[in-house]
Protein chains: 2
Amino acid sequence: MKQNTPITLKFLAEKLKMSVSTVSKALNNYPTINEYTKKRVQEMAKELRFTPNKSAINLKERKSRIIGVILPNLLDHFFTRSIYGVEQFATENGYNIIISQTHDDLAKEIQSANRLLKSRVDGLIVAISKQTQNFSHFDQFENMGTPVVYYTRNPSFNLNCHKVLGNTFQGCYEATQFLIDRGHQRIAYLGGPKMISFTHDRFNGYINALKNNHVSFSSDLVAYTDFDRDNTITAIQSLFANSENPPTALVAFKEPILFDAIKYLKSIEHPNFDKIECIGFGNTSVISYLDFPPIASVEENPESVGENAMRLLLQLINDEIEIQNYQKVMVDCKLVVH
Amino acid sequence: MKQNTPITLKFLAEKLKMSVSTVSKALNNYPTINEYTKKRVQEMAKELRFTPNKSAINLKERKSRIIGVILPNLLDHFFTRSIYGVEQFATENGYNIIISQTHDDLAKEIQSANRLLKSRVDGLIVAISKQTQNFSHFDQFENMGTPVVYYTRNPSFNLNCHKVLGNTFQGCYEATQFLIDRGHQRIAYLGGPKMISFTHDRFNGYINALKNNHVSFSSDLVAYTDFDRDNTITAIQSLFANSENPPTALVAFKEPILFDAIKYLKSIEHPNFDKIECIGFGNTSVISYLDFPPIASVEENPESVGENAMRLLLQLINDEIEIQNYQKVMVDCKLVVH
DNA sequence: ACAGACATTTCAAACGTTTGAAATAATTGA
DNA sequence: TCAATTATTTCAAACGTTTGAAATGTCTGT
């Protein structure tokens, strides 16, 4: 890379025949610097397109002004949208973000953590991999005084940590309530992998809505899938096994699962297929291309989750919140009727 | 943020009662350092979890080891997948990446460029916004000797620049050839916005395939849309206006457009609807949820595009390629039959 | 015992900023 | 006119590394 003479404070100082500190202070608008001097310096800086060297400033300030974000992947729109919130809030506050994908692989997560540790990020935002049960690779950060905020994925094995999570209980409650209000009495719940805490939180939202509305519940209305398509079909089969009294509505853990389910129900030409009303979590744009779109979606507001994670992290970085004063922030979901 | 005494070379040196430079050289495995000393230093460094301060190194080396990536958004799977290639190759080579989204807004693009300039990235990878026709906000980088590689979106107004592009001509040629081989003689082409150079490259691929196979062409087989749904429907209407001799196959600029098109054709109950064979660019996962999936997809290999962009950038950074020796790299597409 | 040859360690400057303290210049009042 | 005051500029150290040159230590052969 060609090294044209870099424009530094020293270079400006020589050009203007003054000391480096005067130039520095002039650019930082120190009150002790003469107005005319300031003007001269600032004009010269603009003319030569001076940009202060971040590495030098970071070294001086013992900061990197970089936030690390570790997440499973960017193909899932939830994460991609959450990044939008993080990025927005970070840049507004003078921070850049470095994103690292783990593809739900623990080894990669550890690698990412180590890399970001070396990069000396000022803070870390993490959506843990499905495999993560031990958090020692993140402990190093707190040892160095670098705050870590877990978001989206609940690190339920890790008691003392900062979390920003979607209020998935409330989201599932509202979805169920909506279906009840439309007259359904046989509402099925198709959950995600049982290891994920959200699966149970959503189930609780579902069951609470049923109870509060005195809708009877039976266990054949509930099934789980680990996202795999065949697995989903098995689950759906079990939900609709009772042909006398099949469910008339369905709440599904995630939209892709729901789409698989709908497709299957259609393929077997389930009698009341077009009467079944479905709701899934996600609110993805795919919906508009489907022949039988769900009646509503639970919008999880990922941008807001990301923004809240970044906001909390910033408060920790700025010592506005004690690092040991562990916070839990919940972001409400919103039911979107199509 | 709590500042525990930071572990620096100086700190290690004091602990070991030797000079800072010995410690530094021991850690960097200098041949002039005694083996036993090296071992002592390295053990102590490991024990105290010493990690060298990147800012200091960057300052010394006049590098940031950060690559800036400017792109329209991360909701489009093409970009998200391309990031995977960039990230992979960057981290393998000791670089971090900072991603900045422009949302196809020129003002945001300029803002991003300025921010990354201040961050003193070592190189820039850019997919320009739809609005970008002037490239002066990127000139600053080359003025500083920082290489810029344009990828995915062809900056056709910018003659002297490095580019990595998908071979969209070849992709469209193969798609058309495939349909011809299946016996189609009336193949329609639904293009994207006319301002985008890819629209024309793909058209050329289409028309060349027709010509080389002596398939007759008529202009009512071609229409354009700007991605807007209503616009797409208008385009489709014009393509299928000739009810005597309608197209039997369709090549579409992008899958979302194609999905809108299919949905529309189905809704009007086009007579031979289920016979029409379609191909779109993208190969998105949505396909599996559709009732009438396209027969094939043009896989654009975004990961490879990203990796190639990063590879080229690295060669420029390392002076393996002269910065004025402008490169153009084409990445082939692959037809995926479903 | 000592010059010469190596082996090993340390010095010191540099990267580009920031900032309190010290130095200098300009202005005021008596 | 000259000390006192205020305005302005400069000095110098620090942030944590790297690295060529200089210094020190150790060993060899005569």
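1. **Ground rules.** This is a predicted model, in which local features need pLDDT of at least 70, side-chain atom pairs count only at pLDDT 80 or more, and totals for chains, interfaces and linings use all residues. Residues are numbered from 1 along each chain as its sequence is written, while chains are lettered from A and ligands numbered from 1 in the order in which they are written.

2. **How the two chains relate.** The same surface serves both copies, as 98% of the contact residues of chain B recur in chain A.

3. **Where they meet.** In chain B, 44 residues are in contact with 43 residues of chain A; contact here is C-beta atoms, placed from the backbone, within 7 Å. On the chain B side, helix 4 (54-61), helix 5 (77-92), strand 2 (96-101), helix 6 (106-118) and helix 11 (255-267) each supply at least two residues. Helices (H or I, at least four residues) and strands (E, at least two) are DSSP runs, numbered from the N terminus. That side of chain B divides into 18 nonpolar, 16 polar and 10 charged residues. For these classes, Ala, Val, Leu, Ile, Met, Phe, Trp, Tyr, Cys and Pro are nonpolar, Asp, Glu, Lys and Arg are charged, and the others, Gly among them, are polar.

4. **Around DNA strand C.** Which residues come nearest to DNA strand C? Of the 27 around it, they are Leu9(A), Ser21(A), Asn53(A), Ala56(A) and Ser21(B). A residue is near a strand if its C-beta atom, placed from the backbone, lies within 6 Å of it. Helix 1 (9-16), helix 2 and helix 4 of chain A, along with helix 2 and helix 4 of chain B, each give this surface at least two residues. Its residues divide into 10 nonpolar, 11 polar and six charged.

5. **Around DNA strand D.** At least two residues each come from helix 2 (20-27) and helix 4 (54-61) of chain A, and from helix 1 (9-16), helix 2 (20-27) and helix 4 of chain B. The surface near DNA strand D has 10 nonpolar, 11 polar and six charged residues.

6. **Helix 6 of chain A.** The 13 residues of this helix (106-118) should span 18 Å at 1.5 Å a residue, and the end C-alpha atoms are 19 Å apart, which agrees. The expected span is 1.5 Å times one less than the number of residues. Glu109(A), Ser112(A), Ala113(A), Leu116(A) and Leu117(A) are buried in helix 6 of chain A. Down the helix axis these buried residues fall within an arc of 135°, so they line one face of the helix. Their cover includes strand 1 (66-71), strand 2 (96-101), strand 3 (123-126) and helix 7 (136-143) of chain A.

7. **Arg120(A), just past that helix.** Arg120(A) lies in the loop between helix 6 and strand 3 of chain A, and takes a positive phi of about 55°. Is Arg120(A) buried or exposed? It counts as buried, because 21 C-beta neighbours sit inside 10 Å; the cut-offs are 20 or more other C-beta atoms within 10 Å for buried, 12 or fewer for exposed, and partly exposed in between, with C-beta atoms placed from the backbone. Leaving out residues up to four places away in sequence, Arg120(A) touches Ser64(A), Asn53(B) and Lys54(B).

8. **Two loop residues in chain B.** Arg49(B), in the loop between helix 3 (35-47) and helix 4, has a positive phi near 55°. Arg49(B) is exposed, with 11 other C-beta atoms within 10 Å. Glu269(B) sits in the loop between helix 11 and strand 9 (277-281) and also has phi near 55°. With 7 C-beta neighbours inside 10 Å, Glu269(B) counts as exposed.

9. **Helix 11 of chain A.** In this helix, 10 of the 13 residues are buried, so it is largely enclosed by the rest of the structure. Among the buried ones are Phe259(A), Asp260(A) and Lys263(A). They pack against strand 6 (187-191), helix 10 (229-239), strand 8 (249-252), strand 9 (277-281) and strand 10 (296-299) of chain A.

Notes: Two residues are in contact if their C-beta atoms, placed from the backbone, lie within 7 Å. The arc is that of the directions from the helix axis to the C-beta atoms.
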